[in-house]
Amino acid sequence: MNITESLKNISAQLPSHVTLVAVSKTKPVSDLMEAYNAGQRVFGENKIQEMVDKHEQMPKDIQWHMIGHVQRNKVKYMAEFISLIHGVDSLKLLKEINKQAKKHDRTINCLLQIKIAEEDSKFGMHPTDAKELLSSEEFSELKNVSITGVMGMATFTDDTKQIEQEFNKLKATFEELRTIDDSLQTISMGMSGDYQLAIDCGSTMIRVGSSIFGSRNYSN
Ligand SMILES: *Cc1c(COP(=O)(O)O)cnc(C)c1O
């Protein structure tokens, strides 16, 4: 299947409350343009420099999502145009995003990344720390950032039961955080291999790469 067909196939299966983020990391602009011409407007990248380059080259009605780990010293490069930052895992990072957003006189939407996987390698906050952050006075003083939901990555495994448990954990954390701020609306979970399960578990935003663009080659 080509990009247009894959995209249409996946989009056709999605309930209307679920947003599809087309994860285009490592892919050339020509591939992204094919998705764009098929109607896709939300793209996810995991490296800031790569996203900045693609943003410069592509139509300006695209919503760019940063789905990777964010280094504080690079926030400034995307602050002007970024639509949503998925991987926020500390108040320190939020403060930097707030500072850079302020320079552009805008508010940047962010998701708190919650650690749901057993693996040590995955970034993210403990649910208790996320609650603390959201209730803190320091956070309430940040006027140029808005927390709009949560993001999580399940363990890389074939064990569907385990993935389901981890998705349920993210959904439960979302509900707990909503008792602090009932404007939260986004649960970003699910990738190519598990997005259907994620939607069954309450996902409202899926991040799909290889099922749209084909497998990635990191060697070039
Ligand atoms: C690469 C990536 C995805 C997409 O993965 P696929 O398996 O290709 O769909 C989703 N989320 C994050 C955070 C990623 O880095």
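Modeller: Sorted by class, the shell around the ligand holds 6 nonpolar, 3 polar and 3 charged residues. Here Ala, Val, Leu, Ile, Met, Phe, Trp, Tyr, Cys and Pro count as nonpolar, Asp, Glu, Lys and Arg as charged, and the others, Gly among them, as polar. Bear in mind that this is a predicted model, where local features need pLDDT of at least 70 and side-chain atom pairs count only at pLDDT 80 or more, while totals for chains, interfaces and linings use all residues. Residues are numbered from 1 along each chain as its sequence is written, and side-chain values use heavy atoms, with hydrogens and water left out.

Now for the names. Around the ligand you'll find Val23, Lys25, Ile67, Met151, Met153, Met191, Ser192, Arg207, Val208, Gly209, Ser210 and Arg216 (a residue is near a molecule if one of its heavy atoms lies within 4 Å of it).

Some of these residues also make polar contacts, meaning pairs of N or O atoms within 3.5 Å. Ser192 has a polar side-chain atom 2.5 Å from an oxygen atom of the ligand. For Lys25, a polar side-chain atom lies 2.7 Å from a ligand oxygen. On its own, the ligand has 390 Å² of accessible area, and the protein covers 90% of that (areas come from the Shrake-Rupley method with a 1.4 Å probe).

Elsewhere, helix α6 (residues 127-135) and helix α8 (residues 160-178) pack at about 25°, with axes 10 Å apart (axes are lines fitted to C-alpha atoms over the stretch in contact, and angles run from 0 to 180 degrees between N-to-C directions; helices are DSSP runs of H or I, at least four residues, numbered from the N terminus). That makes α6 roughly parallel to α8, a label for angles under 35 degrees.

Conventions:
A polar contact is a pair of N or O atoms within 3.5 Å; within protein, one must be able to donate a hydrogen and the other to accept it, and residues adjacent in sequence count only if both atoms are side-chain atoms. Helices (H or I, at least four residues) and strands (E, at least two) are DSSP runs, numbered from the N terminus. Angles under 35 degrees count as roughly parallel, over 145 as roughly antiparallel, 65 to 115 as roughly perpendicular and the rest as oblique.
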